[in-house]
Amino acid sequence: MTIRILVIDDHALVRAGVRSELESSGADLEIVGEASDVEGAIAACHALHPDVALLDVHLPGGMGGGGAEVAASCADVEGLRFLALSVSDSPEDVVSVIRAGARGYVTKSISTPELVEAIQRVAAGD
């Protein structure tokens, strides 16, 4: 089964890199869209119904809650699971996004095979 992914990050270069790495990984993944801010991420989650949203913790817009705000605002999207993908490993960032509904948290230093595995685990409900 193909896992449908939404890439959410405020840096276009990061979104492009994640997309490129995942598309060339050979895994059964489909990038269904991208978003760069809180409002765009919430709209994309509701419109595209991805299986997994890769979610940057620090996003502009919204009420200032970043990735945690996106996760909390999309709790009503059936089947959607969030995997936080951030440069930060701050305990406060991890706790805020997990409490808001993310199923996992990885840093951007992760390798492509490790990211694919994390996506697959989150999509499976782990």
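Predicted model: local features only at pLDDT ≥ 70, side-chain atom pairs only at ≥ 80, totals over all residues.
M1 is exposed because its relative accessibility is 84%. In sequence, M1 and D28 are 27 residues apart, while their C-alpha atoms are 7.0 Å apart in space.

Next, D9. Where is D9 placed? D9 belongs to the loop between β1 and α1. Is D9 buried or exposed? With a relative accessibility of 2%, D9 counts as buried, because the limit for buried is under 20%. The side chain of D9 has two polar partners to mention here. One is the backbone nitrogen of H11, which lies 2.8 Å from a polar atom of the D9 side chain. The other is K108, whose side chain makes a polar contact of 2.7 Å with the side chain of D9. Leaving out residues up to four places away in sequence, D9 touches V14, R15, A35, S36, D56, L59 and K108.

D9 also brings us to the cavity. The count is one cavity of 30 Å³ or more. The largest cavity holds about 40 Å³ of space. Which residues line the largest cavity? They are V7, I8, D9, V14, V18, L54, L55, D56 and L85. In terms of elements, at least two lining residues come from each of β1, α1 at 12–23 and β3 at 52–55. By class, the lining has seven nonpolar residues, two charged residues and no polar ones. D9 and D56 are both in that lining, and D56 is also among the residues that D9 touches.

Last, the cysteines. How many disulfides does the count give? The count is zero. C45 is in no disulfide, and the nearest cysteine sulfur to C45 is that of C74, 3.9 Å away. For reference, a disulfide is a covalent bond between the sulfur atoms of two cysteines. As for accessibility, C45 is at 0% and therefore counts as buried. C74 has a relative accessible area of 2%, so C74 is buried as well.

To recap: M1 is exposed, D9 is buried with a side-chain polar contact to K108, the largest cavity is about 40 Å³, and the disulfide count is zero.

Key. Residues numbered from 1 in each chain as written. Heavy atoms only, no water. Buried < 20%, exposed > 50% of the residue type's maximum accessible area, 1.4 Å probe, protein only. 1 Å grid on protein atoms, 1.4 Å probe; cavity = no way out; pocket = protein on both sides within 12 Å on 5 of 7 lines; lining within 4 Å. Points joined across faces, edges and corners; volume = space filled by probe spheres on them. Helix = DSSP H or I, 4+ residues; strand = E, 2+ residues; numbered from the N terminus. Nonpolar A, V, L, I, M, F, W, Y, C, P; charged D, E, K, R; others polar. Disulfide = S-S within 2.5 Å. Polar contact = N/O pair within 3.5 Å; in protein donor to acceptor, adjacent residues only side chain to side chain. Contact = heavy atoms within 4.5 Å.
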